[in-house]
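Welcome to this structure! Here is a friendly note to read alongside the model.

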Amino acid sequence: MGVWAIDGVELDDPKGRWRIEHASKVPAGANRRVTMLDVPARDGSIAVRQGVGTGTVSLTLAVFGEGAVLDARRSALVSLIQQARKIMWSPAPERRISTNVLQSSVSDPERRGATALLIQASITTHPYWKEPNTAFSVPQTLVAGFRVEFPELAGSTGRLDDAWLRVTGPTKSLTLTSERGATGLHLNRAVNAGEYVFVDLARFVGYKSSRDSDWGLPSSEQIGLDFPVGGPLQVWPTVTDDPEKSQVSLVVGGSGFTSASKVSIRAARSFV
């Protein structure tokens, strides 16, 4: 089952006060949300995608102690779960991922003899689990009609919903399109040599800067962005038959590029 923690508190307690039981389950991936539209005089239905729902974690925990000590430990563990903000799962030593908790519930405890209780916890989570370290990609050269890949994010399976892009001038116009879902970004202005445009994809807002280090630092000069019919750019990995080689890439369009024209991305690897 690996190692679990809620807000930094391990659920396999090193002091032996509580532990994860084998009945616990690995995280359940979020469902794709779709609205089905029935159109008169048309066979079938039209599926309108509404994004991704929430994930679920089901945990079974045993609490140990005697008398008032057992009840105090039960109360502390239940309080931890009820107030949870972030849950961490380490299915293997080389992988440590976490996600935000949206909702949690705890069942009535079941007594297991005089010195143990069993607690069932159901935790509703954000759909994507993230690694603790943010990756900064090597800048990739912009060439119209070609795609750019970001190998630092290879192996991701979830949407990079926390991503920032950095565009390095010069460009006269620029379009970046996802290979999945036809979402995209169109930069509504030229970017001069020595200028940078940072794009917060979560809010779909762009900022101009003269410094290459302004990741996540909105400047006072906000710039306009546009998007195609498919919607604002969402960065998803292209999952292949080799999970560790799933690539994150974007298709480039536009004009006015030189060898100095680059795009790079800052994001944490994401998993479902």
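Predicted model: local features only at pLDDT ≥ 70, side-chain atom pairs only at ≥ 80, totals over all residues.

1. Residues are numbered from 1 along each chain as its sequence is written, and side-chain values use heavy atoms, with hydrogens and water left out.

2. Seven of the 10 residues in β6 are buried, where buried means under 20% relative accessible area, exposed over 50% and partly exposed in between, with a 1.4 Å probe and protein chains only.

3. β6 has antiparallel pairings to look at (two strands pair if DSSP finds at least two bridges between them). With strand β3, residues 18-20, β6 pairs over three bridges, and tryptophan 18 stands opposite valine 63 in β6. With strand β10, residues 116-125, β6 pairs over 10 bridges; here leucine 59 stands opposite alanine 121 in β10.

4. Next, the second largest pocket holds about 150 Å³ of space. Its lining includes Lys86, His126, Tyr128 and Asp161, and β8 (95-106) and β11 (129-136) each supply at least two lining residues. A pocket is an open set of points on a 1 Å grid over the protein atoms alone, where a 1.4 Å probe fits, with protein on both sides within 12 Å along at least five of seven lines; lining residues have an atom within 4 Å of a point. The volume is the space filled by probe spheres set on the points, which are joined across faces, edges and corners.

5. Is threonine 183 buried or exposed? Threonine 183 sits in the loop between β15 (173-178) and β16 (184-187), and is buried because its relative accessible area is 6%. A polar atom of its side chain lies 3.0 Å from the backbone nitrogen of glutamine 234. Not counting residues up to four places away in sequence, threonine 183 touches several residues, among them Leu176, Pro228 and Leu233 (contact means heavy atoms within 4.5 Å).

6. Finally, alanine 68 lies in helix α1, residues 67-82. Alanine 68 counts as exposed because its relative accessible area is 67%. The C-alpha atoms of alanine 68 and glutamine 222 are separated by 59 Å, and the two residues are 154 apart along the chain.

How values were computed:
Helix = DSSP H or I, 4+ residues; strand = E, 2+ residues; numbered from the N terminus. Polar contact = N/O pair within 3.5 Å; in protein donor to acceptor, adjacent residues only side chain to side chain.
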